[in-house]
Amino acid sequence: MKSFMIQGAKILATGSAVPNSSLSNNQISNIVNTSDEWIFTRTGIKERRVLTGINQSVVDLGILASMDALKKISMDPSEIDLIILATSSPNDLFGSASQIQCKIGATNAVAFDLTAACSGFVLGIVTASQFLQNGSYRNILVIGADVLSKWIDWSDRSTCILFGDAAGAAIVQRCSNQNNSILNFQLNTDGKYSEHLSIAYKNYTSPHSKLNLYQGYFNYVAMNGKEVYKFAVSQVPLSILKCLSSLDMSVNDVDWLLLHQANERILKAVADKLSINKSKIIANLSKYGNTSAASIPLALDEAVQDDKILDSQIVVIAGFGAGLTWGTVVIRW
Ligand code: COA
């Protein structure tokens, strides 16, 4: 796909936030029949952060990550025109973005939620870039935040070892076409396999006593780990190659590979398939686990803070997860 941009879009700043409370593999092995060795060798995860406290939600983490990003460039929240909150664990099904808008004082911003599980941040950045490149808005705050610890069955060892809570944010600004840094994207969805990873709505077994109307509740995270693994390792490299080739680029042009932090084996297998050197992989999942929509901005913020990513370097970002959804964005930093 060629992009026909009128204007450009550029990531000005990143920010992130994680809860204080950490949960190690050893602590999980006191809850379910597992071990640090099993979890680490199969996933690369050592520990994760979980949001404790009765009134804490995805909004609190989203606020901290947003304020962190705004502070780095001394931007007043009133300069933000749009807030996109990518999350699958809102604290209000009508949306949580407006609560963040109010609490950070982004009085001029429109705000909405975007649900695309672990691909949410990639879809958020792509959505933001459309509003910027067509000239609708100037400053957009994209937040990826999830608190899947609230939706995990803590007696299910096949899922409770994987996930953690976090938020990451990026401020994206309109710029001239020559300075555009969000070079292109490639997005996909295949709903045929949605049951491989879901937090499904379940009906109660009997309807309302007077109305023939079923109500229900949301279940815990359900996952077919093997199928999700195979999907990620087969589809993500294809998406990256398509996106690079749409820009007349090759894997040799890639300086950094930033994949959704699901599993270290997936990260390495994707890099292997693309013949990208492992030293180019950005990874921090050993400390945080899979933080869903937060994982990419959290790792990006850490890499930026560590001065890993240099000006003009090519960063390939790819997300994948429930839906199933997956996609790539190529960025010139
Ligand atoms: N501790 C110890 N044993 C466990 C375990 C755990 N936490 N979870 C599963 N097992 C057991 C299984 O019961 C099975 O035992 P059995 O052989 O006696 O039946 C054995 O380990 C192998 O299970 P399996 O599910 O085949 O393991 P796996 O090698 O596929 O690894 C995952 C499991 C979840 C780590 C792996 O499938 C994976 O990472 N998939 C991708 C998941 C993902 O990234 N999801 C999010 C995408 S956004």
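Contact here means heavy atoms within 4.5 Å. The structure is a predicted model, in which local features need pLDDT of at least 70 and side-chain atom pairs count only at pLDDT 80 or more, while totals for chains, interfaces and linings use all residues. Residues are numbered from 1 along each chain as its sequence is written, and side-chain values use heavy atoms, with hydrogens and water left out.

Setting aside neighbours within four places in sequence, H196 is in contact with A222, M223, N224, E227, V228 and L324. H196 sits in the loop between β8 (182-189) and β9 (197-198); helices (H or I, at least four residues) and strands (E, at least two) are DSSP runs, numbered from the N terminus. The relative accessible area of H196 is 12%, so this histidine counts as buried. Buried means under 20% relative accessible area, exposed over 50%, and partly exposed in between (1.4 Å probe, protein chains only). One of the partners of H196, L324, is found in the loop between β14 and β15. A cis peptide bond joins G323 to L324, with omega at about -10°.

Next, the overall layout. The protein chain is split into domain 1 (2-174) and domain 2 (181-332), with bounds that come from an automatic or database domain assignment. Taken over C-alpha atoms, the domain centres are 13 Å apart. Across the divide, 53 residues of domain 1 are in contact with 48 residues of domain 2.

The inside of the protein holds nonpolar cores, each a set of buried Ala, Val, Leu, Ile, Met, Phe, Trp, Tyr and Cys residues joined through side-chain atoms within 4.5 Å. The largest has 47 residues, and the members touching the most others are I240, L244, L257, L259, V316, F320 and V330. Two or more residues each come from α7 (225-246), β13 (256-259), α8 (264-274), β14 (314-321) and β15 (325-332). Helix α7 gives the most, with eight residues. Not counting residues up to four places away in sequence, L257 touches I240, A271, I276, K280, I281, I282 and V316.

Then there is the ligand. It is surrounded by 22 residues, the closest being T34, R42, R157, K226 and N263; a residue counts as near if one of its heavy atoms lies within 4 Å. Helix α7 turns up again, supplying the largest share of this shell with four residues. At least two shell residues come from each of α2 (36-43), α6 (157-160), α7 and β14. On the polar side, a side-chain atom of N263 lies 2.6 Å from a ligand oxygen atom, and one of R42 lies 2.7 Å from a ligand oxygen atom. A polar side-chain atom of W38 lies 3.4 Å from a nitrogen atom of the ligand. Taken alone the ligand exposes 960 Å², and the protein buries 73% of that, with areas from the Shrake-Rupley method and a 1.4 Å probe; for residues, only the protein chains shown count as cover.

A few individual residues round out the picture. S57 lies in the loop between β3 (47-49) and α3 (58-72), and with a relative accessible area of 8% it is buried. The side chains of S57 and N91 are joined by a polar contact of 3.1 Å, that is, a pair of N or O atoms within 3.5 Å; within protein, one must be able to donate a hydrogen and the other to accept it, and residues adjacent in sequence count only if both atoms are side-chain atoms. Leaving out residues up to four places away in sequence, S57 touches L51, N91, V147 and K150.

P297 belongs to helix α10 (residues 295-305) and is buried, at 1% relative accessibility. Beyond its neighbours within four places in sequence, P297 is in contact with G15, F121, G144, G168 and A169. The C-alpha atoms of P297 and A86 are separated by 11 Å, although the two are 211 residues apart along the chain.

Finally, two non-glycine residues have a positive phi. S292, in the loop between α9 (285-288) and α10, has a phi of about 55° and is buried, with a relative accessible area of 3%. D307, in the loop between α10 and β14, also has a phi of about 55°, but D307 counts as exposed, at 61% relative accessibility.
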